[in-house]
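What follows is a guided reading, meant to be followed with the coordinates open alongside the text. Please look at the structure first, and then return to the paragraphs below.

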Amino acid sequence: MHGPASSGWLLVALCAVTGAYCLARMRSGTEEQRSAAGGEALMGFGMAAMAVPAAVFTPPSWAWPAYAAVFGAAGVHALWAARAGAHHLHHLVGAAAMVYMSVVMAGSPAHAHGRGGSGVPLLTGALLLYFAGYVLLTGVRLVPVAAVAGAGGPVGWGDRPELARACRLSMGIAMVAMLLAL
């Protein structure tokens, strides 16, 4: 990832913790919750791997096409899952953004880290606009859920809707940061 190492490590930590929480959410009793959590865990760990500062580790040239293939497959899965509900389209956009960032990084000359300006400005801008809007909307939706969460019976910490939304919010913020650093 382009940019200073400190922000890269913060993104690595945020995405890795989010991915770990999403793995814990896969133990939910609800099938839809487990399925969404699996895709979000893949996204969190993939974003963590991509955010490792280039000064510390520069992935081999085959890693970027591998990322693109993995997230392309995740995008196909999200497209297939979108038949059951439109909320899976967000996972499709996230997977497409990861494929896009992988392709840009694979095509940057000697992975010109720190120079910025890579990618297609219109596509990068559209993705930035989408994820910034998603972050704002999710942040607004998070407030009422947190206020109502204590009203019901006991819920396992992996099934709490406000924690799942906070997880998605943190990945959206990380995606904005990664697109800006692209």
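In α3, the buried residues are Ala63, Trp64, Tyr67, Ala68, Phe71, Gly75, Ala78 and Ala81. Seen down the axis of α3, these buried residues fall within an arc of 140 degrees, so they line one face of the helix. The face of α3 that is turned away from this buried side carries Val76 and Trp80, both of which are exposed. Since the model is a predicted one, these assignments, like everything that follows, describe computed coordinates. As for what lies over the buried residues of α3, the cover includes α2 and α4. Along its length, α3 counts 19 residues and reaches 27 Å from its first C-alpha to its last, which is close to the 27 Å expected at 1.5 Å a residue.

The largest nonpolar core has 35 residues, of which Met47, Met98, Met101, Met175 and Leu179 touch the most other members. At least two residues of this core are supplied by each of α1 (5-25), α2 (31-51), α3 (63-81), α4 (89-107), α5 (121-148) and α6 (161-181). The largest share, 8 residues, comes from α6. One of the residues named above, Met175, gives a detailed view of the packing: leaving aside residues up to four places away in sequence, Met175 touches Met43, Met47, Gly94, Ala97, Met98, Met101 and Phe131.

Ser170 has its place in helix α6, and with a relative accessibility of 12% it counts as buried. When residues up to four places away in sequence are not counted, Ser170 touches Leu14 and Thr18. Gly133, by contrast, is placed in helix α5 and is partly exposed, its relative accessible area being 34%. The C-alpha atom of Gly133 is separated by 9.4 Å from that of Gly172, although the two glycines are 39 residues apart along the chain.

The last topic is charge pairing. Side chains of opposite charge can pair when their charged atoms come close. In one of the pairs, Glu40 forms a salt bridge with Arg25, with the closest N and O atoms 2.7 Å apart. That pair links distant parts of the chain, with Glu40 in helix α2 and Arg25 in helix α1, 15 residues apart. Glu40 also meets Arg168, side chain to side chain, in a salt bridge with an N to O distance of 2.6 Å. Because Arg168 lies in helix α6 and Glu40 in helix α2, this pair ties together parts that are 128 residues apart in sequence.

Arg168, with 22% relative accessibility, counts as partly exposed, because buried here means under 20% relative accessible area.

Conventions:
Residues are numbered from 1 along each chain as its sequence is written. This is a predicted model: local features need pLDDT of at least 70, side-chain atom pairs count only at pLDDT 80 or more; totals for chains, interfaces and linings use all residues. Side-chain values use heavy atoms; hydrogens and water are left out. A nonpolar core is a set of buried Ala, Val, Leu, Ile, Met, Phe, Trp, Tyr and Cys residues joined through side-chain atoms within 4.5 Å. Buried means under 20% relative accessible area, exposed over 50%, partly exposed in between (1.4 Å probe, protein chains only). Helices (H or I, at least four residues) and strands (E, at least two) are DSSP runs, numbered from the N terminus. Contact means heavy atoms within 4.5 Å. The expected span of a helix is 1.5 Å times one less than its number of residues. The arc is that of the directions from the helix axis to the C-beta atoms. A salt bridge is a side-chain nitrogen of Lys or Arg within 4 Å of a carboxyl oxygen of Asp or Glu.
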